[in-house]
Amino acid sequence: MAFQMLLFRLSIILFSISGVYSVDFIIKNNCKVPIWPGALTGAGNPISTTGFRLLPGSTTTATVDVSTTQWSGRFWARTLCSMGANGKFACATADCGSGQITCNGAGAIPPATLVEFTIATNLGQDFFDISLVDGFNLPVSVTPIGGSSGCQPVVCARSVNPVCPPELAVKSPRGLVIACKSACMAFNTPEYCCSGDHNRPETCPPTNYSKIFKAQCPQAYSYAYDDKTSTFTCSGGANYAITFCP
Ligand SMILES: *[C@@H]1O[C@H](CO)[C@@H](O)[C@H](O)[C@H]1NC(C)=O
């Protein structure tokens, strides 16, 4: 009996050593219109999907194996997409330029709301944030599921589009504001891009434009050095729900 118990314990230990440990990103479309989420791997194993269509109310899960190496990457959602007459798939916001529904290693063309992760191996500490540094297109929330410590939801619930200054606005053919550029993208100056003499937190404070983004989404990055209020952690091997239009 004791021997059987020993074998049982050993097999559990061996299973956890050799087991595949993965993280699920459960992506939901809570918007009233279809969206086309995209995913980009920065480092680590490839993710199970790089882009797909998601109808209102639907959920799709993307998975990454983090048993042997950490994963970093980002998610966003494309809007107003269609197949062009040239046979190329394209979107009015956050397009990845692949010409297909899958992004195949291409990232979002700004402006785009980004959800960024670094996922640890072996139940270590994950880092995540919502970034408006590359502008805004859709509200989003990130909710850790499980995990053991520090795991709190992060939300950018209020749309920036209705308060976007005209000089930053991206409009649909019908004149609706469908995305809001960052001041860096619109004006490309060191003060707004935190480059040149402004490439340190001390020399790149919030600007009148970044404050507009921060007022709508206090938990999101509104410019490059917005770290103090915008980076979140979660330990213990959580999965994550990412909801667009939460
Ligand atoms: C932000 O500041 C710049 C420079 O002072 C000014 O030209 C611009 O109109 C301001 N924009 C807003 C939205 O306050």
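I started with Leu80, which is exposed, with a relative accessible area of 53%. My cut-offs: buried means under 20% relative accessible area, exposed over 50%, and partly exposed in between, with a 1.4 Å probe and protein chains only. Leu80 lies in strand E4, and its phi is near 55°, a positive value in a residue other than glycine. Strands (E, at least two residues) and helices (H or I, at least four) are DSSP runs, numbered from the N terminus.

A note on the source: this is a predicted model, where local features need pLDDT of at least 70, side-chain atom pairs count only at pLDDT 80 or more, and totals for chains, interfaces and linings use all residues. Residues are numbered from 1 along each chain as its sequence is written, and side-chain values use heavy atoms, with hydrogens and water left out.

Next I checked Ala94. Its phi is near 60°, also a positive value in a residue other than glycine. Ala94 sits in the loop between E5 and E6 and is buried, at 3% relative accessible area. Pro111 lies in the loop between strand E5 (89-93) and strand E6 (114-119), and the peptide bond from Pro110 to Pro111 is cis, with omega near 0°.

Back in strand E4 (residues 71-83), I looked up Ser72. Ser72 is buried, with a relative accessible area of 18%. Leaving out residues up to four places away in sequence, Ser72 touches Leu40, Thr41, Gly42, Ala43, Phe117 and Thr118; contact means heavy atoms within 4.5 Å.

Then the disulfides. I found 8 in the structure, taking a disulfide as a pair of cysteine sulfur atoms within 2.5 Å. Cys31 and Cys245 form one of them, with sulfur atoms 2.0 Å apart. The link of Cys31 and Cys245 is right-handed, with 85° about the S-S bond. This pair links distant parts of the chain, 214 residues apart: Cys31 is in the loop between strand E1 (22-29) and strand E2 (36-43), and Cys245 is in the segment after strand E13 (239-244). Cys31 counts as buried at 7% relative accessibility, and Cys245 counts as buried at 18%.

I also looked at Cys151 and Cys234, joined by a disulfide with S to S 2.2 Å. The torsion about their S-S bond is about 85°, so this disulfide is right-handed. Cys151 is partly exposed, at 26% relative accessible area, whereas Cys234 is buried, at 0%.
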